[in-house]
Amino acid sequence: MIDTSKKIVGLLGWPIEHSISPAMHNAAFETLGLNWRYHPFPISPDRFDKDIRTFLTLDVQGFNVTIPYKKAVLKFLDTIEPTAKKLGAVNTITINQNQESDNISCGYNTDVQGFINALKEGGLVEMSGKKAVVIGAGGAARAVLYGLICEAISKITILNRNIKTALQTQEDFEGFSSKLEILPLTQNNIIKRTSEADLLVNTTPIGALPKPDSSIWPDDFSLPPNITVFDLVYNPPMTKLLKQGEASRARIISGLEMLFHQGALSFQIWTNLQAPLEVMRQACYKKNGGRYV
Ligand code: NAP
């Protein structure tokens with residue numbers, strides 16, 4: 001039962017029973033003594049078009065949006081901020097009331113800045129003049145690409161299983177296509193392009209539970225020691241790819257760092273308060289196990 005005296009935010013998605021976000025946000029609210037609560041609101045795909053309209057009329061402060069609705073939700077919102085519009089993906093919604101007491105919804109995307117904040121905190125501060133290899137070309141890859149382009153990275157090689165998806169992604173970043181190279185995801189291409197790069201980002205689910213023994217990086221090769229390896233997979237927080245990076249003395253960053261940074265940015269958008277970063281980070285690692293990387 002929801003306590004109606006509290007301010008409510010929550011997560012819209014499907015399935016979301018294993019989400020870390022409630023633990024992360026509720027820890028932050030409790031630490032700051034806020035009378036707020038974060039709830040999971042699962043919506044099954046067959047009910048999305050109907051239920052989303054109802055959710056947007058509720059007396060709540062906002063929502064996070066996750067798979068599979070980051071794109072689908074756009075057409076139901078009143079306004080969309082520029083990053084979310086450019087990417088065609090919303091992961092945070094605010095709900096405000098106008099003078100007639102109607103709800104006004106606004107969509108944001110904090111994945112992009114969450115990725116960049118985690119990357120900079122992880123030690124790769126200056127992107128200008130650098131080269132990146134991005135594995136995958138789906139929704140998460142688009143947030144990564146947009147972030148790296150905004151940080152003036154010099155070149156990005158996208159390696160994807162389905163070359164058509166990658167070409168479509170390249171087209172969507174019209175104006176920056178000279179920075180983007182598209183290649184098929186093969187062992188040769190990963191090894192060759194990574195040997196010339198400063199940053200390797202895995203945006204595929206390879207290495208996630210229930211297959212933690214898989215990795216995009218081949219077993220019998222070392223990663224370059226000067227590279228930064230960022231794995232967007234956050235369960236487990238220490239993936240096989242990150243272990244391979246650590247063994248090669250590369251700098252490594254877990255997807256859990258991006259997850260908690262995007263959450264902290266959502267928290268700030270809803271509350272207008274500085275997020276308690278360490279509390280949120282600890283709550284994430286406590287929920288998913290693992291250690292800081
Ligand atoms: P998505 O839109 O479905 O894209 C998945 C991408 O992975 C596609 O490029 C797909 O290639 C590729 N892929 C999937 N399985 C593959 C396989 N077995 N071999 C090779 N390539 C494969 O999914 P998404 O939303 O981008 O999410 C991708 C991952 O990022 C998930 O694990 C998600 O949990 C994680 N993520 C993390 C954060 C964070 O905060 N840390 C945020 C968002 C997402 P094809 O085009 O060839 O199918």
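Colleague: First off, which strand does Ser105 lie in?

Modeller: Ser105 sits in strand 6, residues 103-108; strands are DSSP runs of E, at least two residues, and helices are runs of H or I, at least four, numbered from the N terminus. Bear in mind that this is a predicted model, where local features need pLDDT of at least 70, side-chain atom pairs count only at pLDDT 80 or more, and totals for chains, interfaces and linings use all residues. Residues are numbered from 1 along each chain as its sequence is written, and side-chain values use heavy atoms, with hydrogens and water left out.

Colleague: Why is Ser105 called buried?

Modeller: Its relative accessible area is 3%, and buried means under 20% (exposed is over 50%, partly exposed in between; 1.4 Å probe, protein chains only). So Ser105 counts as buried.

Colleague: What makes strand 2 and strand 4 edge strands?

Modeller: The open sheet has 6 strands in the order 2-1-3-5-6-4, with mixed pairing. Strand 2 (36-42) and strand 4 (79-80) each have a single partner strand, so one side of each lacks a neighbour in the sheet.

Colleague: How do you know that strand 4 and strand 6 pair?

Modeller: Pairing takes at least two DSSP bridges, and these strands have 2, in the parallel sense.

Colleague: And why is helix 1 called oblique to helix 10?

Modeller: Helix 1 (residues 21-31) and helix 10 (residues 277-288) pack at about 140°, axes 8 Å apart. Under 35 degrees is roughly parallel, over 145 roughly antiparallel, 65 to 115 roughly perpendicular, and the rest oblique. Therefore helix 1 is oblique to helix 10.

Notes. Contact means heavy atoms within 4.5 Å. Axes are lines fitted to C-alpha atoms, for helices over the stretch in contact, and angles run from 0 to 180 degrees between N-to-C directions.
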